[in-house]
Amino acid sequence: MSNWKPQEHLPKEIKDLIERPTPNYTLALFDILHKLKLQRRTGWINNGIENPESISDHMYRMSIMSWILNSDGIDSSRCMKISLAHDMAEAIVGDITPFDVKIDKVEKHHRELATIEYLSEMLIKPYNEVAAADILKAWHEYEDQTSIEAKYVKDLDKFEMLVQCFEYERMYKGKKDLSQFYGCIDEITTDEVSKWTQDLMNERKEYFKSVSD
């Protein structure tokens with residue numbers, strides 16, 4: 001495991017906000033989060049998708065999906081918070097996929113943990129200690145799968161990717177092979193998201209039937 005430190009990977013303009021005599025931590029945080037708008041999702045780039053979605057695009061739709069969950073015993077507001085926190089560290093770390101041969105799962109976790117701790121403790125806590133603790137807790141909930149809400153969000157993470165995948169398949173009129181992304185379907189276990197997934201797959205089946213006729 002490396003000695004990777006998030007503060008060493010900040011752009012100069014953000015470091016300047018933090019290192020001035022009166023640091024502007026909130027603006028530094030907001031500028032860092034801006035990177036989520038610019039960082040395109042690696043899986044789509046690697047498959048030749050033109051102008052693919054950003055990390056923030058992915059997180060936003062997951063948050064709306066979380067909001068409309070209708071399963072008994074689920075705190076949808078908690079799901080929304082977990083959705084917003086789960087990829088926050090990628091603003092600095094970047095979108096590392098399981099296919100990245102240079103960075104393994106352990107190193108990925110190390111970098112993302114160091115980053116979410118840095119964002120929470122160094123940038124958010126000086127302004128809002130409660131929010132800092134809650135964001136860090138939400139990130140750990142997702143990583144460690146310690147709540148039913150985190151399990152739903154884990155499924156939504158996969159489901160949102162599948163929705164996006166089908167959208168790209170239609171954009172390329174069925175001529176782009178993205179079938180590899182559907183290998184995660186069996187990993188979706190919650191009833192409501194499983195139902196959404198089945199509906200999606202039925203739509204996909206009908207679409208490919210129509211373009212092959």
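1. A patch, as used here, is made of residues with over 30% relative accessible area and no salt bridge; like charges are joined within 9 Å, and nonpolar side chains (Val, Leu, Ile, Met, Phe, Trp, Tyr) within 5 Å. Accessible areas come from the Shrake-Rupley method with a 1.4 Å probe, and for residues only the protein chains shown count as cover. A salt bridge is a side-chain nitrogen of Lys or Arg within 4 Å of a carboxyl oxygen of Asp or Glu.

2. The model is predicted: local features need pLDDT of at least 70 and side-chain atom pairs count only at pLDDT 80 or more, whereas totals for chains, interfaces and linings use all residues. Residues are numbered from 1 along each chain as its sequence is written, and side-chain values use heavy atoms, with hydrogens and water left out.

3. Tyr60, Ile64, Trp67 and Ile68 make a nonpolar surface patch of about 480 Å². Tyr60 belongs to helix H4; helices (H or I, at least four residues) are DSSP runs numbered from the N terminus. With a relative accessible area of 58%, Tyr60 is exposed, where exposed means over 50%, buried under 20%, and partly exposed in between (1.4 Å probe, protein chains only).

4. The salt-bridge count comes to 13. Among them is the pair of Glu160 and Arg61, whose closest N and O atoms are 2.8 Å apart. Glu160 lies in helix H9 (residues 148-171) and Arg61 in helix H4 (residues 55-67), so this pair ties together parts that are 99 residues apart in sequence. Glu160 is buried at 0% relative accessibility, while Arg61 is partly exposed at 24%.

5. Asp134 and Lys81 also form a salt bridge, with 3.1 Å between the closest N and O atoms. Because Asp134 is in helix H8 (residues 129-144) and Lys81 in helix H5 (residues 76-85), the pair connects parts 53 residues apart in sequence. Both partners are partly exposed, Asp134 at 22% and Lys81 at 45%. The two residues belong to a network of salt bridges that links Arg78, Lys81, Asp134 and Glu141.

6. A further salt bridge joins the side chains of Lys108 and Glu112 at 3.0 Å, N to O. These residues are four apart in helix H7 (residues 105-124), and are therefore separated by about one helical turn. Lys108 is partly exposed at 22% relative accessibility, whereas Glu112 is buried at 3%.

Conventions
Helix = DSSP H or I, 4+ residues; strand = E, 2+ residues; numbered from the N terminus.
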